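This report describes a structure by its chains, sheets, core and selected residues. Please keep the sequence and coordinates open while reading.

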Protein chains: 2
Amino acid sequence: MANETETYPWERMRSLADSGDGASLETYLSSLEPREAVRAILRLEPDAQAKVLTTLSPAEAADLIEDVPDEQAADIIENMQPKDAAEIVNEMMSDEQADLLAELKEDNAQAILEEMEVEEAEEARELARYADDVAGGLMITEFFKFHEGVTAGEALDKINEMAEDIDEHFKRYAYVVSPLDRVVGVIQVRDLVLSPRYKPVADVMVPSLFVTDETPLSELKSFFDARPFAAVPVVDRRGRLLGIVRQSAVQTALSEQAERDMLRMQGIVGGDEIRDLPTVTRFRRRISWLSVNILLNIAAASVIALYIDTLSAVIALAVFLPIISDMSGCSGNQAVAVSMRELTLGIVKPFEVFRVWLKEISVGALNGLTLGILLGGVAWAWKGNPALGLVVGGALALNTMVAVSIGGTVPLLLKRFGVDPAVASGPILTTVTDICGFFLVLSFATLMLAHLT
Amino acid sequence: MANETETYPWERMRSLADSGDGASLETYLSSLEPREAVRAILRLEPDAQAKVLTTLSPAEAADLIEDVPDEQAADIIENMQPKDAAEIVNEMMSDEQADLLAELKEDNAQAILEEMEVEEAEEARELARYADDVAGGLMITEFFKFHEGVTAGEALDKINEMAEDIDEHFKRYAYVVSPLDRVVGVIQVRDLVLSPRYKPVADVMVPSLFVTDETPLSELKSFFDARPFAAVPVVDRRGRLLGIVRQSAVQTALSEQAERDMLRMQGIVGGDEIRDLPTVTRFRRRISWLSVNILLNIAAASVIALYIDTLSAVIALAVFLPIISDMSGCSGNQAVAVSMRELTLGIVKPFEVFRVWLKEISVGALNGLTLGILLGGVAWAWKGNPALGLVVGGALALNTMVAVSIGGTVPLLLKRFGVDPAVASGPILTTVTDICGFFLVLSFATLMLAHLT
């Protein structure tokens, strides 16, 4: 058991960092898959994390921290000396840098920016302004750009020189700009190699498409779906070239968005959660959504209190109330999931509420009928009373139709009014269907009370 | 209102297809973003869909059908003459081709394969064998490969010639193989341009990494996260080169997987759903999961029936049963969502059940306490009975801890035993927490009955 291979990766990292052996630590880290390295650094105590990062060269540390989810990366960086942190942040790709700085507390970000090179800091400040789901928030500024009069030979020399300096430069395309920094064209770097050295780049380039800095992620996806480009230039509203968005950054942002939607749909709000966060942070993130939900739940259940007399007379109904509440939630959430996906794929538009409702109600009628007959049958068989079956089954059947109608259309309506459908659809759905379900079963029971007792 | 811009895209497509004007239809389609084109074709009736595809050239039709979700693409293709369908399928990228054929009914796939070129059909049959989340299922076979003795000049000529033929060839790398088809190296096509024409490719290439055909998606993600490669060769277990997987295909598959997980978590099982599917298909997909759920729900609620006497004595409890059931579900589902994400990111391993449980129980205790005090307070205030508050609040607090324990660990356990955690976690969670919640509140009430009445 004392075998070295039994040691956990984070223990290896800790002891290598403690011995201050940067080269071995680097070699060890490069032997791990990125997800293993991330997993290991997240398992270390805050001091050991800082120790590992300062033992590595700033460039290596930047590579590692870029793979860590933004929020945890921010915690790690905040725990370091601003000077050490600044050296690492300096080496990060500009899009990752901006994401990280946006995640830091204002004071800490300020302290780090002050330690950074002035130009780099200025740029980082600019980029951190953007939301992370628009072109400005996804772009990098490490790319090649030349004025139109530069010759192919000069451009090539410059590229070779800079590429050595900065490992993370985007190397497939170079962009050609006018004297006032407007995009006029794009060159494949490999074509540059084949051009006569004396030619101005303007004669080698082709005209370039571009997007504005506020272009949303969904449009960028559509852009790259339609074109086999590896990147697109980003311009401000006056047409000045600001940076480039890589197709791979768009893909990554989309995966992250799908994951974050999943978390938010289940009520993890106010930041992603991973289990290495402090308990109190995780508690706060979860309880905010739960508190809203319990209040909505209490409001919905108070409908039951209005029918206490009926319930006392037919106590068996108490068994069916949670079933109707749960099943309506299930049916409605299926409709929510389909609407969320259709919105993401762009095959339904937020204004198509009526069309979606028509499609849902037909499925809801079939599902409601099936579930209603099933539950009604069970109720009848249990108490030997067909009226009980009718009340319970009828209420579930109708409420299933209500649930799919709400589940299908609410995400579209929320989207239309600029509310995040992932967070809000679930609570709205369950509250309305609970109120409606309790009302249906208890009012039917009140009407048929003579047959039930 | 008769303005042409008012016409829906699918109406334009229908009328252009009806007039048989393939060139105009092509021009019109290329003016739409891909998602708009997909949305439009899905809105057409089956006959009009077939008409549109046959009016386009097979290559254009293949481009369009590649963007349509596999299942709907299969429906459209099955509605065409096998001969027409085969012409389109022939033009598809090999990975898309395999996905589509796997989606078709056996007979229809057979009929189409018989109409295809023998070699292409053979290859498609091979690829359709693979699951769609392993390297074999994600690879394309449209790439360049040369024997090591071929010269750079010959290779380049061949590439230029083939690239013209087949628009969809992967053009960034060419692979070098031994006489027995083993991967020996890789060349960047742009480097080939710079090499002396007489050099054998073996002297231009660098050794290449590769993956086997059964490498799962998660490992491919890790592979590309660690390396700035655009593609990796795929070999069979004897080392023979079968195809290449592009980094972009891995990214796309990951996004699709996240979306599909979201659907399955909400109970859309047995195939994705979009609303243009027939009602009966959608009904069947949804009802299978709902039927299982209602049976589990009935089983859980039958715990209530065991305590009918207590419930008759303290009818107010009936109001709180659905609240406890719903809230425990909410708390537990938060834990499920975090576990699902940590599994996807690879920062938790399926065997770390105990560690996850420790992390969950601390958050669960805080959440449970908060929610318990809240609900207990409401119950006390409503009936002016502190004992009722204690029973209801205490049961919710304890059950919240049960719920997060189950929610956090069940996805890991399911994964370990090869069951899809997206589909099964929810039903298991709600059933266990319902049973436990009903038991806790009703047995506490029975114990404290003297103080409650």
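## Model and overall form

The model is predicted. Chain A contains 22 helices and six strands. Its radius of gyration is 29 Å, well over the 22 Å that the globule rule gives for 453 residues, so chain A is more spread out than a compact globule. The C-alpha trace of chain A spans about 95 × 60 × 40 Å along its principal axes.

Of the 453 residues of chain A, 50% count as buried. Among the contacts in chain A with a separation of 6 or more, 71% come from residues 24 or more positions apart.

## Relation of the two chains

Two copies of a chain are related by a rotation about an axis and a shift along it.

Strand 2 of chain A covers residues 173-177, and five of its five residues are buried, so the strand is largely enclosed by the rest of the structure. The cut-off behind this is 20 or more other C-beta atoms within 10 Å of a residue's own. In a regular strand the side chains alternate between the two faces of the sheet. In strand 2 of chain A, A:Tyr173, A:Tyr175 and A:Val177 point one way, A:Ala174 and A:Val176 point the other way, and all are buried.

Strand 2 of chain A pairs in the parallel sense with strand 1 (residues 144-147) of chain A over four bridges. A:His147 has A:Val177 as its bridge partner. With strand 3 (residues 183-188) of chain A, strand 2 of chain A pairs in the antiparallel sense over five bridges, and A:Val176 stands opposite A:Gly185. Strands 2 and 3 of chain A form a hairpin with five residues between them. A:Asp181, in the turn, has a positive phi of about 70°.

## The 4-5-6 sheet in both chains

In chain A, three strands form an open sheet in the order 4-5-6, with mixed pairing. Strand 4 (211-212) and strand 6 (241-246) of chain A are the edge strands, and each pairs on one side only. Strands 4 and 5 of chain A pair in the parallel sense over two bridges, strand 5 being residues 231-235. A:Thr212 has A:Val235 as its bridge partner. Helix 15 (residues 247-265) of chain A lies across strand 5 and strand 6 of chain A, and runs at about 65° to strand 6 of chain A.

Chain B also has an open sheet of three strands in the order 4-5-6, and its pairing is mixed. Its edge strands are strand 4 (211-212) and strand 6 (241-246) of chain B. Parallel pairing over two bridges joins strand 4 of chain B to strand 5 (residues 231-235) of chain B, with B:Thr212 opposite B:Val235. Helix 15 (residues 247-265) of chain B packs on the sheet, touching strand 5 and strand 6 of chain B, and its direction makes about 65° with that of strand 6 of chain B.

## Nonpolar core

The largest nonpolar core holds 295 residues, of which A:Val245, A:Val441, B:Val245 and B:Val441 touch the most other members. Not counting residues up to four places away in sequence, A:Val245 touches A:Ala135, A:Leu138, A:Met139, A:Leu220, A:Ala231, A:Val232, A:Val234 and A:Val250.

## Two residues of chain B

Where is B:Asp181 found? It is in the loop between strand 2 (173-177) and strand 3 (183-188) of chain B. B:Asp181 is partly exposed, with 15 other C-beta atoms within 10 Å. Leaving aside its neighbours within four places in sequence, B:Asp181 is in contact with B:Arg240 and B:Leu241. B:Asp181 and B:Val235 are 54 residues apart in sequence, and their C-alpha atoms are 9.6 Å apart.

B:Val319 lies in helix 18 (residues 317-345) of chain B. B:Val319 is buried, with 26 other C-beta atoms within 10 Å. Not counting residues up to four places away in sequence, B:Val319 touches A:Ala301, A:Ile304 and A:Ala305. B:Val319 and B:Ala379 are 60 residues apart in sequence and 9.7 Å apart in space, C-alpha to C-alpha.

How values were computed. Residues numbered from 1 in each chain as written. Chains lettered and ligands numbered in written order. Predicted model: local features only at pLDDT ≥ 70, side-chain atom pairs only at ≥ 80, totals over all residues. Pairing = 2+ DSSP bridges. Contact = placed C-beta atoms within 7 Å. Axes fitted to C-alpha atoms, helices over the stretch in contact; angles between N-to-C directions. Core = buried A, V, L, I, M, F, W, Y, C linked by C-beta atoms within 7 Å. Buried ≥ 20, exposed ≤ 12 C-beta atoms within 10 Å, placed from the backbone. Rg over C-alpha atoms; globule rule 2.2 N^0.38 Å.
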